[in-house]
Amino acid sequence: MAQLYYRYSTMNAGKSIELIKVAYNYEERGKHIMTLSPSVDDRYGVGKITSRIGISRDAIVINGDTDLVALYKEHEAQQHIDCILMDECQFLKKHQVIQLAKIVDEYGCPVMCYGLKNDFQNELFEGSHYLLVYADKIEEIKTICHCGRKATMVARVDEAGNIIREGAQLVIGGNDMYVSLCRKHYMAGDLGPDFAK
């Protein structure tokens, strides 16, 4: 039975490599997948899902206006789709999460979404919020803070290495701008002894 999966974590936990691994496993067995990536994520080029360890794959680029059911039906008409994999799913809109649920429920195609849960101010992203509401299975991909505890927060950092507590929710960046921390060190603003800009 097809399900809608939401696999979330903080930054640097291996979400992209997990997605790439799942894609590889499907394709190795002769299955066909649709891999989706939001247009706002241009860190490694638009339409690229790239892990920090250097593995990447191409993806279909979507934006907030993309009708995911129509996109699925268009690709399904050309070739059976066995699974949809969505990277950076926190950038989905509410209606798109509902569309993914419809693909699962009405067309029987499993959908696996990978992304962040909360932003640098500890607010849910729109896509994260509605995936928590609509997903059949919610799984955490764990990573650690500099202290060794589980990291649950993402801190945004300025060029001088100071934690930023205000600003726009959507600012694309990587290790140069974001640090994963446990709650204690996030609240204290402690990036750790090895953090250097």
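Helices are DSSP runs of H or I with at least four residues, numbered from the N terminus. In this predicted model, helix α1 spans residues 15-28. Both K21 and E18 lie in α1, three residues apart, or about one turn of the helix. The two side chains form a salt bridge, with the closest N and O atoms 3.4 Å apart. K21 is partly exposed, at a relative accessible area of 45%. E18 is also partly exposed, at 25%.

The count of salt bridges comes to seven. Another of them joins E28 to R29, with 3.7 Å between the closest N and O atoms. E28 counts as partly exposed at 48% relative accessibility. R29, at 59%, counts as exposed. A further salt bridge forms between the side chains of K93 and E126 (4.0 Å, N to O). This pair links distant parts of the chain, 33 residues apart. K93 sits in the loop between β6 and α3, whereas E126 belongs to helix α4 (residues 126-134). K93 is partly exposed at 34%, and E126 is partly exposed at 35%.

Strand β9 covers residues 153-157. Five of its five residues are buried, so the strand is largely enclosed by the rest of the structure. In a regular strand, side chains alternate between the two faces of the sheet. M153, A155 and V157 point one way from β9, and V154 and R156 point the other way.

β9 pairs with β11 (residues 178-181) in the antiparallel sense over four bridges. Here R156 stands opposite Y178. β9 also pairs with β10 (residues 163-164), again antiparallel, over two bridges. V157 has I163 as its bridge partner in β10. β9 and β10 form a hairpin with five residues between them. In the turn, G161 has a positive phi of about 90°.

How values were computed:
Residues numbered from 1 in each chain as written. Predicted model: local features only at pLDDT ≥ 70, side-chain atom pairs only at ≥ 80, totals over all residues. Heavy atoms only, no water. Buried < 20%, exposed > 50% of the residue type's maximum accessible area, 1.4 Å probe, protein only. Pairing = 2+ DSSP bridges.
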